[in-house]
Amino acid sequence: MGFQSHERQAGIIRYAREAGWNVDSRLLSYHAIGQDRAYLGSLAYDGVLALCSRAAPWLPGLLRGFTVPIVDMWADYPNLRYARVLLDHAAIGRAGAEHLLSRGFRDLLFYTHAIEGKGARRRAQSFRDVVAAAGARYHELTWDHESPPPRRGLTRIAWLAEWLSGASLPIGVMGSNDHIACEVLEAAALAGLQVPRQVAVLGVDDDPVITELAQVPLSSVDSARERVGYEAAVLLDRLMDGQPAPSEPVLVPPARVVARRSTDVLAVRDPEVAAAIQFIQDRFRDPITVEDVAAQARVSRRHLQDVFRGATGRTIRDTIAWQRVDHAKGLLAGTRTKVQLIARQAGFGTGENMSKVFRRMLGITPQQFREQHGHGAASAPPADRTSTA
């Protein structure tokens with residue numbers, strides 16, 4: 001219950017079908033107030049899945065009338081003592097920064113709106129930390145609807161276009177969500193800047209209705225919203241079985257960055273480094289080494305390692321590893337291909353090698369990544385539950 005969130009609802013539905021639940025979704029409307037609530041008194045629920053957002057200010061008061069377990073999938077009301085399953089905003093920011101840095105950008109901008117709240121701020125902070133650690137230049141831009149720009153009548157897109165026109169180019173931009181990232185595409189077009197050569201743009205949520213219909217097909221971080229709905233349903237089932245609630249919110253990390261034309265560029269001025277990155281992107285599935293990359297660039301290994309790190313903030317070895325990890329993540333999340341075969345297809349050679357790199361880069365194994373982001377599920381609980389969502 002709360003407001004419409006198609007992806008989270010899809011995750012809830014997937015678990016509900018596996019578990020044999022009866023789900024009442026009649027309170028998805030923003031207008032579930034007054035007499036619209038009356039029918040609740042005649043129904044008995046075993047649990048509630050809620051989106052306690054300020055977009056549905058009536059919801060906290062309504063939830064106080066329930067005595068069954070409740071799982072919240074939002075964080076606008078932290079004082080409400082509910083179990084929570086949330087997007088990992090810090091991990092989303094890190095994934096965005098890593099993607100733009102891998103394209104060679106040394107100037108990176110995080111763009112958002114003031115009304116986006118705490119989630120966007122956590123994404124921005126993590127994005128900034130990764131950019132700083134790489135020795136690149138961080139920029140932040142926030143549109144505040146209550147404090148418009150000094151010149152009366154200047155639209156948000158025109159204001160953003162002016163900023164981009166004065167920025168150090170090329171620049172990689174992460175919008176706090178797909179809608180906001182599309183504003184960057186519009187502003188770049190208004191300023192006469194080329195996407196992605198001068199301005200590369202990355203969104204968040206990977207909503208195909210937005211990303212595929214944008215002026216330039218939009219790269220985006222798949223924030224795993226469907227997985228949030230699924231894991232929230234899993235947690236609610238445990239609470240309905242009498243298990244204790246977790247002391248901290250359950251954070252669901254993003255699945256992967258889905259690259260499209262808006263970031264399909266190498267923003268590297270050094271021709272040796274550009275050649276090295278292009279070779280890595282073309283050949284990462286093969287058993288290439290740092291020596292192979294240096295030979296392709298026709299320079300010594302030591303020289304290339306120095307200029308490569310100075311231009312990208314990464315080692316050649318880590319750049320190869322990240323290319324392989326990103327490719328493997330897409331196969332793990334989107335297919336049922338065996339892990340050993342994915343390891344070969346992604347250039348790791350063996351499943352053991354892939355597991356070592358995943359642990360080093362992500363802190364989890366490939367199988368754990370698939371369990372979190374693929375179509376696998378927890379074992380089915382007892383059926384005949386009734387919940388509201």
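**Entry 1: what I am looking at**

I noted at the start that this is a predicted model, in which local features need pLDDT of at least 70 and side-chain atom pairs count only at pLDDT 80 or more, while totals for chains, interfaces and linings use all residues. Residues are numbered from 1 along each chain as its sequence is written, and side-chain values use heavy atoms, with hydrogens and water left out.

**Entry 2: the whole chain**

I looked up the secondary structure and found 15 helices and 12 strands in the protein chain; helices (H or I, at least four residues) and strands (E, at least two) are DSSP runs, numbered from the N terminus. I then looked up burial, where buried means under 20% relative accessible area, exposed means over 50%, and partly exposed lies in between, with a 1.4 Å probe and protein chains only. Of the 389 residues in the protein chain, 53% are buried. For contacts (heavy atoms within 4.5 Å), I read that 71% of those between residues at least 6 apart in sequence join residues at least 24 apart.

I followed strand S5 (residues 107–113) and strand S6 (residues 137–143), which pair in the parallel sense over 7 bridges; two strands pair if DSSP finds at least two bridges between them. Between S5 and S6 the chain passes through helix H4 (residues 118–133), and this β-α-β crossover is right-handed. Right-handed here means that, with the strands pointing away from the viewer, the path from the first strand over the helix to the second runs clockwise. Within the pair, I found Tyr111 opposite Leu141 of S6.

I next asked what covers the buried residues of helix H5. In H5 (residues 156–165) the buried residues are Ile157, Ala158, Trp159, Leu160, Ala161 and Leu164, and their cover includes S5, S6 and helix H6 (178–190).

Gly175 lies in strand S7 (residues 171–175), and I recorded it as buried because its relative accessibility is 0%. Leaving aside neighbours within four places in sequence, Gly175 is in contact with Tyr111, Ile180, Ala181, Leu202, Gly203 and Val204.

Ser102 belongs to helix H3 and counts as buried, since its relative accessibility is 10%.

**Entry 3: backbone details in the loops**

I looked up the cis peptide bonds next, and noted one that joins Leu169 and Pro170, with omega about 0 degrees; Pro170 sits in the loop between H5 and S7. The peptide bond from Val195 to Pro196 is also cis, with omega near 10 degrees, and Pro196 is in the loop between H6 and strand S8 (199–204).

Asp205 has a positive phi of about 115 degrees although it is not a glycine, and its place is the loop between S8 and helix H7 (208–211). Is Asp205 buried or exposed? Asp205 counts as buried because its relative accessible area is 16%. Arg298, not a glycine either, has a positive phi of about 60 degrees, and lies in the loop between helix H10 (290–297) and helix H11 (301–312); Arg298 is exposed, with a relative accessible area of 78%.

**Entry 4: the second largest pocket**

I ended with the second largest pocket, which holds about 670 Å³ of space. On a 1 Å grid over the protein atoms alone, a pocket is an open set of points with protein on both sides within 12 Å along at least five of seven lines, and lining residues have an atom within 4 Å of a point. The lining has 29 residues, and Arg94, Glu98, Trp322, Met361 and Leu362 lie nearest the centre of the pocket. H3 gives the most to this lining, with 6 residues.

Notes:
1 Å grid on protein atoms, 1.4 Å probe; cavity = no way out; pocket = protein on both sides within 12 Å on 5 of 7 lines; lining within 4 Å. Points joined across faces, edges and corners; volume = space filled by probe spheres on them.
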